[in-house]
Amino acid sequence: MNEGQQRVEPDEPCAAGAPQGRHEPIQVTVHPTAEDACAAVAGEVLELVAARPTTALGLATGSTMVGVYRALVGALEERGLRMDEARTFNLDEYLGLPPGSEESFRAFMDRHLFTPARVSSAQVSFPASPDAQPGVESVRSARAFEAAIEAAGGLDLQLLGLGGNGHIAFNEPGSRADSRTREVELAPRTREDAARTFGGLDEVPRRAVTMGVGTILEARRIRIVALGEHKAEIVARLVRGEDGARLPACHLVGHPDVQLHVDAAAASRLAAG
Ligand code: GLP
């Protein structure tokens, strides 16, 4: 651990949703600043790309990831590395957006990582096309997405943010630990959180396709990032442990290699260990 980082162990590990017989607590690293947290996680991705250029990465969207991708793009440039043999799999995508929408997760990824890091379209997979309509088409694309992850040999590392209601990807409260990639309805809280990005609640899609919790749990490493005071309560609930059906992120506890990276503000409601 680097200077300035602090590790916090929960009082009681969250056992709900953990594979049978495993009750490892989630490992939490508290970084002094958001920038430090992003740099640490980006550094791990960079090392993976350096060690295994054909790595399969699970990627996330959301404001938390902006800093992670900025740090990753900078670190790639600094090391003179390219990601041109890697495969990437994004967690989720909205359904029913107008073609070319700037609010799609695909557009987010193009802006923050794919264009600056010169990742080509042939390398990237999403569980749905943002202009696809809910229904039959999403079932087909969800199946193809799962098959593509398998064909790539599984995910080496999955990046995750935390939703305001504890969702991971778009696995909302009530999602099962064994859920697979599928079409889902977004929770009211999730749509409210997205309203600002979309310029109004009415503009926020109601449905999306998300990687399942079970799919995420198959990644060899899982790295969760939570930044800012507004994430402090959800971070405390995750570390304290709760039923995974109520707090989907708790389904991850018990994974053999899951880490939570937070800044001091997001750690403000954790008891120091
Ligand atoms: C969306 C995404 C999640 C992400 C969450 C948090 O809901 N589907 O994958 O974790 O936003 O976003 P932010 O980082 O902006 O708090």
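Which residues touch the most other members of the largest nonpolar core? In this predicted model, where local features need pLDDT of at least 70, side-chain atom pairs count only at pLDDT 80 or more, and totals for chains, interfaces and linings use all residues, they are L159, I224, L238 and L260, within a core of 80 residues. Residues are numbered from 1 along each chain as its sequence is written, and side-chain values use heavy atoms, with hydrogens and water left out.

A nonpolar core is here a set of buried Ala, Val, Leu, Ile, Met, Phe, Trp, Tyr and Cys residues joined through side-chain atoms within 4.5 Å, where buried means under 20% relative accessible area, exposed over 50% and partly exposed in between, with a 1.4 Å probe and protein chains only. In soluble globular proteins, nonpolar side chains tend to be buried together. Neighbours within four places in sequence being left aside, I224 is in contact (heavy atoms within 4.5 Å) with I26, L160, G161, L162, L238, L252, V258, Q259, L260 and H261. Another core, of 5 residues, lies apart from the largest one and has L95, A128, A142 and V209 among its members.

Strand β7 spans residues 157-160; helices (H or I, at least four residues) and strands (E, at least two) are DSSP runs, numbered from the N terminus. In a regular strand the side chains alternate between the two faces of the sheet. Both faces of β7 are covered, with L157 and L159 buried on one side and Q158 and L160 buried on the other. Two strands are said to pair if DSSP finds at least two bridges between them. Strand β3 (residues 56-59) pairs with β7 in the parallel sense over 2 bridges, and L57 has L157 as its bridge partner in β7. Strands β7 and β10 also run parallel, joined by 4 bridges, and the bridge partner of L160 in β10 is I224.

Helix α7 (residues 232-240) is mostly covered, 7 of its 9 residues being buried, namely A232, I234, V235, A236, R237, L238 and V239. The cover over these buried residues includes β2 (27-31), β10 (221-226) and β11 (258-263). After α7 comes G241, which has a positive phi near 100°.

An oxygen atom of the ligand lies 2.8 Å from a polar side-chain atom of H167, an oxygen atom of the ligand is 2.6 Å from an N or O atom in the side chain of K231, and a nitrogen atom of the ligand is 3.3 Å from a polar backbone atom of A169. A169 is found in the loop between β7 and β8 (182-185), is buried, with a relative accessible area of 8%, and has a positive phi near 50°.

In the loop between α3 (105-114) and β6 (124-125) is Q123, which is buried, with a relative accessible area of 7%. A polar atom of the Q123 side chain lies 2.9 Å from the backbone oxygen of A86. R118 is also placed in the loop between α3 and β6, but is exposed, with a relative accessible area of 52%.

Definitions and conventions. A polar contact is a pair of N or O atoms within 3.5 Å; within protein, one must be able to donate a hydrogen and the other to accept it, and residues adjacent in sequence count only if both atoms are side-chain atoms.
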